[in-house]
Amino acid sequence: VSTQSTGEQCPSLFKPYKPTLLWGWSGHVQTAVLGKMGRSVNPVLPTVRRSFKSAQDGATVYYDTFDPPFTRPTATIIIVPGINNTSEKLYVKTFVRSCLAAGFRAVCLNHLGSLEGYPITSPRIFGYGHTEELSQLVDIVQERYPSSPKILTGFSMGGNIVTKYLGEKPERQNGFVGVISVCQGYDIRKNSGYLLSWDGLARVYNWAMTIDALKATMYRHNKVLGEHYDMRRVSSTTCIQDFDACVMSKMYGYKTVEEMYEDWSCINCLDKISIPMITVNAVDDPIIPPMCADLAIRLACQNEKVLHIQTQCGGHLGFYNGGILIPNGLSWMDTSVMECCSAILALSKHQMNEDDEGAIVPKLSESDS
């Protein structure tokens with residue numbers, strides 16, 4: 001049984017994806033709506049348990065745990081959101097709601113410096129491919145829920161982080177039954193070059209992410225970061241690449257931005273992931289162009305444990321579903337990714353049953369009886 005055959009257990013993959021009628025056919029509009037409005041509903045979730053763990057450099061890593069009400073969790077989904085995102089983002093909350101409805105526990109990593117009202121405790125914020133915070137979270141989850149099947153799920157930047165985490169040290173895969181990556185770019189250096197162009201207004205999105213995700217985080221933690229970085233130069237940056245040259249590369253000890261991008265990209269270790277992996281991208285994603293997903297497509301063609309899902313519409317993490325003007329509360333992403341989680345768990349149980357049936361039971365000798 002291959003990962004690709006698990007797609008047969010995902011009804012959403014065999015039905016036409018119908019974006020919101022009046023505007024859902026545009027990747028630009030879907031992406032803009034997600035960035036400014038989030039989802040059409042703000043789900044009420046059970047009381048969150050917010051915990052923290054101190055890193056070696058003094059940074060404080062916050063993570064949130066959500067348990068399904070009135071039932072024992074059948075699996076644990078570890079969620080790594082997109083750039084400068086936390087469990088408080090609406091697209092994360094609707095996905096958490098889907099996890100809980102399926103009977104799964106959800107544990108969400110909140111990126112360093114991204115939580116409002118939580119000051120950083122070291123001069124460091126999130127990194128696009130830095131896996132230390134995820135590694136600490138996984139250690140906690142493995143210790144706290146040792147018998148629970150676990151699936152890693154990453155969105156956008158989080159997709160790069162979860163796949164790099166598993167690929168750079170393959171022994172880490174032993175603790176998981178599968179991994180799902182949604183709307184990531186796989187090769188940061190290649191994606192960076194695209195974001196400097198004007199193709200598909202990529203340069204506009206580059207500027208917007210610099211302002212809303214990177215510079216906003218620096219300003220929010222100016223009291224700590226202002227002592228280590230030239231905030232006047234930070235305020236003059238207009239693209240991610242300039243910001244990374246004056247902040248990120250120095251923050252993480254790289255000589256050049258190119259060296260950092262090379263080291264942080266999951267492209268170097270994606271083929272080392274041997275557990276079931278599902279990747280999802282949209283053709284009309286204005287931030288991640290189709291050429292960036294070529295690696296995932298090739299890998300799916302060569303490896304039966306890899307399934308690549310590509311839609312014509314959806315934008316960047318939008319995937320708004322149904323409706324004429326106002327979309328349904330659940331996006332296509334929420335539904336399909338949750339179905340993929342269930343399929344991976346079913347595949348894992350099937351393989352465990354096969355292993356049990358194939359095990360050789362030793363016969364008792366007279367001395368043992």
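Rings of Phe, Tyr and Trp (its six-membered ring) are paired if their centres lie within 6.5 Å; planes under 30 degrees apart count as stacked, over 60 as edge-to-face and the rest as tilted. Tyr128, Tyr252, Tyr254 and Trp264 form one aromatic cluster. The structure is a predicted model, in which local features need pLDDT of at least 70, side-chain atom pairs count only at pLDDT 80 or more, and totals for chains, interfaces and linings use all residues. Residues are numbered from 1 along each chain as its sequence is written, and side-chain values use heavy atoms, with hydrogens and water left out.

In total, the structure holds 11 aromatic pairs. One of them joins tyrosine 62 and tyrosine 118. Their ring centres are 4.8 Å apart and their planes meet at 65°, so the pair is edge-to-face. Tyrosine 62 lies in strand β2 (residues 60–66), and tyrosine 118 in the loop between β4 (105–110) and α3 (132–144). Helices (H or I, at least four residues) and strands (E, at least two) are DSSP runs, numbered from the N terminus. Tyrosine 62 is buried, at 17% relative accessibility. Tyrosine 118 is partly exposed, at 29%. Here buried means under 20% relative accessible area, exposed over 50%, and partly exposed in between (1.4 Å probe, protein chains only).

Tyrosine 91 and phenylalanine 155 form an edge-to-face pair, with 5.9 Å centre to centre and 75° between the planes. Tyrosine 91 belongs to helix α2 (residues 90–101) and phenylalanine 155 to strand β5 (residues 150–155), so the pair ties together parts 64 residues apart in sequence. Both residues are buried.

Two arginines sit over tyrosine rings (NZ of Lys or CZ of Arg within 6 Å of the ring centre and within 35 degrees of the ring normal). Arginine 39 lies over the face of tyrosine 320, at 5.0 Å from the ring centre. The charged end of arginine 105 is 3.6 Å from the centre of the tyrosine 145 ring.

No disulfides (cysteine sulfur atoms within 2.5 Å) were found in the whole structure. The sulfur of cysteine 108 is 9.8 Å from its closest cysteine sulfur, in cysteine 99, which is too far for a bond. Cysteine 301 is also in no disulfide; the nearest cysteine sulfur, that of cysteine 266, is 17 Å away. Cysteine 108 is buried, at 0% relative accessibility. Cysteine 301 is exposed, at 66%.

Grid points are joined across faces, edges and corners, and a volume is the space filled by probe spheres set on the points. There are three cavities of 30 Å³ or more. The largest cavity holds about 100 Å³. Its lining has 14 residues, with Thr60, Tyr62, Leu112, Gly113 and Ile120 nearest its centre.

The largest pocket has a volume of about 1300 Å³. It is lined by 49 residues, of which Ile83, Asn85, Met209, Ala213 and Ile287 lie nearest its centre. Helix α6 gives the most to this lining, with nine residues.

Technical notes: 1 Å grid on protein atoms, 1.4 Å probe; cavity = no way out; pocket = protein on both sides within 12 Å on 5 of 7 lines; lining within 4 Å.
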